Amino acid sequence: MISREQLEKKQVWLYAFVLIIAAGFGLLWPDSSENLDRMISFVLAILMYGMFAQIPFFRLKEALTNRKFIYALLITNYIVVPVLVWGLTRFLPTDPAILLGVLLVLLTPCIDYVIVFTHLGRGNEKLILVSTPILFVTQLLLLPVYLWLFMGKTAAEIVSVGPFLEAFLGLIVIPLVLALLTQWWSRRQPLGERFLDATAWLPVPFMALTLFVVVASQISKLYTSFDSIIRVIPVYAAYMVIIPILARIVSRIFRLDTGAGRALIFSAGTRNSLVVLPFALALPEPLNGVASAVIVTQTIVELIGELLYIRLVPKVLLRGTEVPNQ
């Protein structure tokens with residue numbers, strides 16, 4: 001029987017396989033795949049709970065002990081990344097759905113499978129793990145600010161408050177509260193600790209299931225939004241090429257060790273596509289179709305990029321003496 005650790009190490013290839021199967025299913029049986037739309041919120045809610053349960057919210061003090069890395073992490077994700085995204089989006093058409101989709105996905109750092117990518121890329125994944133509460137809270141606070149700065153009144157005009165609040169409550173707040181209660185329970189009773197350990201099995205299979213449901217149900221939108229997809233792929237590819245170089249520069253400025261520097265690169269390069277997808281789906285028609293297609297496209301480009309990252313980051317971009325994870 002496969003262990004959880006083995007499953008997590010193989011998850012990148014699992015996701016790639018699921019993407020291929022989902023795309024084939026969606027194209028061959030479009031009528032059946034469209035019905036999967038109804039499952040997205042339910043599957044995403046379970047995935048969010050599983051991911052939030054693994055975020056060490058009660059270890060925030062531990063994260064703050066390595067302040068040099070935290071400063072580098074926040075500066076990279078909330079100053080360097082937004083400046084780069086602003087520059088790259090100058091090459092996009094003025095279509096608000098395309099722009100909003102790109103901004104939603106590129107301005108939010110990943111808080112889940114980035115930990116595994118960092119480990120595979122020989123970075124200090126423990127630094128990323130204990131930093132996830134900070135990244136989670138800061139992106140929720142700063143994303144509306146950046147949308148307003150980049151899109152102004154246009155963002156307010158196309159965003160319906162009701163569906164957005166519903167998505168936020170159902171897919172962020174409720175899973176987060178349940179995860180916090182689970183962690184609180186685990187700190188007080190052995191049964192709670194065992195239950196929390198069991199939830200660690202949820203992220204990988206439900207990430208795979210979410211990718212299948214999302215891609216299979218949205219692949220037809222990718223096809224019908226082909227003109228939009230063609231425009232955003234170069235932007236995503238350029239982001240994946242440029243941001244690790246910028247993160248490497250920040251790492252050098254803060255004099256991070258090898259493991260921490262690699263962790264910073266992976267955090268900068270890995271985005272939070274599945275967490276922001278519900279917000280795209282909450283947009284009014286037909287904007288939601290284009291925005292969700294744009295976000296799904298980023299997921300595909302990113303997975304390809306991560307397969308290159310885990311080889312190039314330790315061997316080319318940031319070589320050096322391996323240091324033990326702290």
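The largest share of the lining of the second largest pocket, six residues, is supplied by α9, where helices (H or I, at least four residues) are DSSP runs numbered from the N terminus. The structure is a predicted model, in which local features need pLDDT of at least 70 and side-chain atom pairs count only at pLDDT 80 or more, whereas totals for chains, interfaces and linings use all residues. Residues are numbered from 1 along each chain as its sequence is written, and side-chain values use heavy atoms, with hydrogens and water left out.

The second largest pocket has a volume of about 440 Å³, a volume being the space filled by probe spheres set on grid points that are joined across faces, edges and corners. A pocket is here an open set of points on a 1 Å grid over the protein atoms alone, where a 1.4 Å probe fits, with protein on both sides within 12 Å along at least five of seven lines, and its lining residues have an atom within 4 Å of a point. The second largest pocket is lined by 20 residues, of which Leu143, Pro144, Leu147, Phe164 and Phe279 are the closest to its centre. At least two residues of this lining come from each of α9, α10 (153–158), α11 and α16 (273–281). The lining comprises 17 nonpolar, three polar and no charged residues, with Ala, Val, Leu, Ile, Met, Phe, Trp, Tyr, Cys and Pro counted as nonpolar, Asp, Glu, Lys and Arg as charged, and the others, Gly among them, as polar.

For the largest pocket, the volume is about 850 Å³. Its lining consists of 32 residues, and Arg4, Glu8, Gln54, Ile115 and Leu129 lie nearest its centre. Elements that give two or more residues to this lining include α1 (4–9), α2 (11–28), α9 (125–151) and α13 (203–224), and the largest share, four residues, comes from α1. By class, the lining of the largest pocket holds 17 nonpolar, five polar and 10 charged residues.

Helix α2 also packs against α13, at an angle of about 25 degrees and with the axes 8 Å apart; axes are lines fitted to C-alpha atoms, for helices over the stretch in contact, and angles run from 0 to 180 degrees between N-to-C directions. The two helices α2 and α13 are therefore roughly parallel to each other, a term for angles under 35 degrees, while those over 145 count as roughly antiparallel. The crossing of α2 past α13 is right-handed, meaning that the near helix is turned clockwise from the far one by less than a right angle, and left-handed if anticlockwise. The contact of α2 with α13 is made up of 18 nonpolar, two polar and no charged residues.

With α17, helix α2 packs at an angle of about 150 degrees, the axes being 11 Å apart, and α2 is therefore roughly antiparallel to α17. This crossing of α2 and α17 is left-handed, and the contact is made by Val12, Trp13, Tyr15 and Leu19 of α2 with Ile300, Leu303, Leu307 and Arg311 of α17.

The axes of α15 (residues 258–269) and α17 (residues 287–317) come within 11 Å and cross at roughly 160 degrees, so α15 and α17 are roughly antiparallel to each other.

Terms used:
Parallel < 35°, antiparallel > 145°, perpendicular 65-115°, else oblique. Contact = heavy atoms within 4.5 Å.
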